[in-house]
Amino acid sequence: MDAFKQHFDEKIDKELTIEPKDWMPDEYRKTLIRQISQHAHSEIVGMLPEGNWITRAPSLRRKAVLLAKVQDEAGHGLYLYSAAETLGISRDEMLDQLHTGKAKYSSIFNYPTITWADMGAIGWLVDGAAIMNQVPLCRTSYGPYARAMVRVCKEESFHQRQGFEIMLTLSNGSAIQKKMAQDALNRWWWPSLMMFGPPDAESPHTEQSVRWRIKRFTNDELRQKFVDVTVEQAKVLGLTIPDPELKWNEERGHYDMGPINWDEFWNVVKGNGPCNKQRLDTRRQAWEDGAWVRDAAMAYANKKAARSNKKTAEAA
Ligand SMILES: [Fe+2]
Ligand SMILES: [Fe+2]
């Protein structure tokens with residue numbers, strides 16, 4: 001076993017990827033299953049707040065773009081479930097954990113989408129934060145996860161730009177439209193900062209995950225990067241970030257920010273956010289409604305397999 005572990009550690013140190021058939025420590029496997037499945041769940045639950053606006057998009061162009069974006073998120077879920085499956089967990093098991101509330105997904109998706117401007121704020125801020133998190137994951141140590149992230153990140157950058165474009169249009173529109181954009185920014189700003197997870201001091205797994213190159217930056221480092229980039233973008237929009245303590249710190253070369261309400265974060269994580277129940281109910285319903293599709297696909301696959309077995313038997 002020690003030789004296996006030594007080989008694993010060497011691969012990590014040499015920045016080589018770990019592949020499904022390689023030996024890996026149990027904790028490494030467990031951490032990845034948790035992280036990748038949580039990520040997959042976030043992609044598909046993340047379709048819900050925006051799916052809510054597809055029928056109400058203000059133009060055909062906006063509708064087509066939003067539809068493409070929401071479909072991309074379904075695709076991200078599929079790549080990630082497939083990546084997690086290579087670690088020895090089944091898709092049914094993962095979905096069961098989601099539907100029974102055992103598995104978590106990003107708590108940002110437990111907030112409601114009240115106006116069209118929320119589609120802008122989500123693309124700009126939520127997909128923007130996702131990019132900050134996910135770009136370093138293209139170099140994460142587990143091969144299937146890293147490779148899935150390459151395509152995901154390309155699509156995320158389209159999502160971020162479509163959101164920013166909605167915000168830009170609204171900001172340059174009528175006074176009411178600009179107010180709508182500002183209101184969306186006010187509601188989504190703090191939850192977006194929470195997306196990076198608890199502060200480093202309260203994030204017990206961070207050190208090990210950085211050591212294993214699952215994580216390449218800590219939560220606080222990524223949050224700071226996001227703030228530094230996004231503040232400049234808010235200036236272009238002419239919108240005000242709802243943080244009176246936000247201030248450029250010459251010495252650090254970064255923006256200082258006000259305190260995050262972590263009580264709110266933990267409360268949403270524990271299931272008490274404004275939409276937790278609604279989101280899970282919708283997912284469970286979708287799973288039940290899709291049962292006939294899964295049954296039909298299985299029946300077809302079995303029929304096809306039986307036919308090809310018969311052909312092989314006849315040929316022999
Ligand atoms: Fe995504
Ligand atoms: Fe996205």
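Trainee: Is Asp281 buried, partly exposed or exposed?

Mentor: Look at relative accessibility. Residues over 50% are exposed, and those under 20% are buried. Asp281 has 32%, so it counts as partly exposed. Keep in mind that this is a predicted model.

Trainee: Which residue forms a salt bridge with Asp281?

Mentor: Start with the general idea. Side chains of opposite charge can pair when their charged atoms come close. Here the partner is Lys277, with the closest N and O atoms 2.6 Å apart. Lys277 is exposed, at 62% relative accessible area. Both residues sit in helix H12 (residues 276-289), 4 residues apart, about one turn of the helix.

Trainee: Which residues are joined into one network by salt bridges that share partners?

Mentor: Glu50, Lys69, Glu73 and Asp127. Take one pair from it. The side chains of Lys69 and Glu50 meet at 2.6 Å, N to O. Lys69 belongs to helix H4 (residues 60-85) and Glu50 to helix H3 (residues 47-51), so this pair ties together parts 19 residues apart in sequence. Lys69 is buried, with a relative accessible area of 1%. Glu50 is buried too, with 1%.

Trainee: How far apart are the closest N and O atoms of Arg187 and Asp183?

Mentor: They are 3.1 Å apart, in a salt bridge. Both residues lie in helix H8 (residues 175-194), about one turn apart. Arg187 is partly exposed, at 26%. Asp183 is partly exposed as well, at 32%. By the distance rule, the salt bridges come to 21.

Trainee: Where do positive charges gather in a patch?

Mentor: On the surface, at Lys303, Lys304, Arg307 and Lys311. Lys303 is in helix H13 (residues 291-315). With 51% relative accessibility, Lys303 counts as exposed.

Trainee: Now backbone angles. What is the phi of Glu15?

Mentor: Most residues other than glycine have a negative phi. Glu15 has a positive phi of about 65°, although it is not a glycine. Glu15 is in the loop between helix H1 (2-13) and helix H2 (26-45). Arg213 also has a positive value, near 60°. Its loop runs between helix H9 (206-211) and helix H10 (219-237). Glu15 is partly exposed, at 45%, whereas Arg213 is buried, at 8%.

Trainee: How many helices and strands does the chain have?

Mentor: The protein chain has 13 helices and 2 strands. Its radius of gyration is 22 Å, close to the 20 Å that the globule rule gives for 316 residues, so the chain is as compact as a globular protein of that length. Of those 316 residues, 47% count as buried.

Definitions and conventions:
Residues are numbered from 1 along each chain as its sequence is written. Chains are lettered from A and ligands numbered from 1 in the order in which they are written. This is a predicted model: local features need pLDDT of at least 70, side-chain atom pairs count only at pLDDT 80 or more; totals for chains, interfaces and linings use all residues. Side-chain values use heavy atoms; hydrogens and water are left out. Patches are made of residues with over 30% relative accessible area and no salt bridge: like charges are joined within 9 Å, nonpolar side chains (Val, Leu, Ile, Met, Phe, Trp, Tyr) within 5 Å. Accessible areas come from the Shrake-Rupley method with a 1.4 Å probe; for residues, only the protein chains shown count as cover. A salt bridge is a side-chain nitrogen of Lys or Arg within 4 Å of a carboxyl oxygen of Asp or Glu. Lys and Arg count as positive and Asp and Glu as negative; His and the chain ends are not counted. The place of a charge is taken as NZ of Lys, CZ of Arg, CG of Asp or CD of Glu. Buried means under 20% relative accessible area, exposed over 50%, partly exposed in between (1.4 Å probe, protein chains only). The radius of gyration is taken over C-alpha atoms; the globule rule is 2.2 Å times the number of residues to the power 0.38.
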